[in-house]
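Thanks for coming. I will take a few minutes on side-chain contacts in one model, starting with charged pairs and ending with rings.

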Amino acid sequence: MILTVTLNAAIDRTVAVPNFQLSRRHRAVESRTVAGGKGINVARALSLLGQPVIASGFVGGPTGTRVLEQLRQESVLTDFTRIAGETRINLAVIDPTSGEQTEINERGPAVSPEEVVRFVERLEYLAAGASLCVLAGTLPPGAGDDLYARLIKDLCARGMVVVLDAEGEAMLEGVRAGASVVTPNEREAEEFSDPGDLAHGLSELVRLGAGEAAITRPDGCAAVVGEGSARRFLEVRTEPLDPVSTVGSGDAFLAGYVAGRYEGRSPEDCLAYGVACGAESTQHFGAGTVDPNQVERLLGEVHVHALEVPAEV
């Protein structure tokens, strides 16, 4: 079983607005509203890929109930902890004429120490029947920047593979706690190295404590896999498709990578499958949506090469 953790869940609304401009009145030509938050998007994609997954985290209020109902309709198994605060609502505006997108994300409800304790206890119970856990997205106010790190230490001690997709201090604390795999995008990776220096960024993530790392970008990813003398730096690329929407493409990549990892595929195959999923997801309106048949077709267009690594790395 695979667990996903979304501690700042949301209802995500995506609208398509041609020729979007600030301070103007517009009419949307298409819209979609789904349960969201990075871990939920990953769970949705994993479910569509036929993987056994349970989505967990925090939900609260009528919006939280709506999150659970939407996931039930999508046949995604859930085990969320209820909180007193109201689950947030996010908005993404896509301009189909330019391909540009604007995202407005609410901060999310604060959680109490007691709510955190209840969630941790529930996750410990779920972990007994799982082998892999994905921790993804922002931490809610009140959770503390070290919550991911605490979860990573506990889950890794149980022998689980823990994949972390976060940013800022939460990511740094999680890396230092020894996350099995971390998957920042290029912007998030700039916290660990100079922009564009992927090899150095990957090396720094491993030096700080991550077992492996993948830095995602629009045409694929760069990754470091293996340990010690068997460590390898890889570059995985595909030709980007003309996108309908790129919202959640990184979450689809993560789902594909995790699906490959859960099935015991090689590191190269896991990364290639993730890149194919990320690319295919851009053909849909709504985060975490993938077509497994189209993913298999795109796999033949994904190329894996050794990443050039400067001598000083």
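First, a term: helices (H or I, at least four residues) and strands (E, at least two) are DSSP runs, numbered from the N terminus. What you see is a predicted model, where local features need pLDDT of at least 70 and side-chain atom pairs count only at pLDDT 80 or more, while totals for chains, interfaces and linings use all residues. Residues are numbered from 1 along each chain as its sequence is written, and side-chain values use heavy atoms, with hydrogens and water left out.

Now the charged pairs. Side chains of opposite charge can pair when their charged atoms come close. I call it a salt bridge when a side-chain nitrogen of Lys or Arg is within 4 Å of a carboxyl oxygen of Asp or Glu. Searching the whole structure gives 17 salt bridges.

Take helix α7, residues 198-208, which holds both R207 and E204. They sit three residues apart, about one turn of the helix, and their side chains form a salt bridge at 2.6 Å, N to O. Are these two buried or exposed? Buried means under 20% relative accessible area, exposed over 50%, and partly exposed in between, using a 1.4 Å probe and protein chains only. By that rule R207 is exposed, at 58%, and E204 is buried, at 17%.

Next, D219. Which residues does D219 bridge to? One partner is R217, at 3.3 Å, N to O. D219 counts as buried at 18% relative accessibility, and R217 counts as buried at 15%. Another partner is R237, again with the closest N and O atoms 3.3 Å apart. D219 is in the loop between β11 (212-217) and β12 (220-225) and R237 is in strand β13 (residues 232-237), so this pair ties together parts that are 18 residues apart in sequence. R237 is partly exposed, at 38% relative accessibility. Through shared partners, salt bridges join R217, D219, E235 and R237 into one network.

Last, the rings. Rings of Phe, Tyr and Trp (its six-membered ring) pair if their centres lie within 6.5 Å; planes under 30 degrees apart are stacked, over 60 edge-to-face, and the rest tilted. The structure holds one aromatic pair. That pair is F58 with F119, tilted, 5.3 Å centre to centre with 50° between the planes. F58 is in strand β4 (residues 53-60) and F119 in helix α3 (residues 113-127), 61 residues apart, linking distant parts of the chain. Both F58 and F119 are buried.
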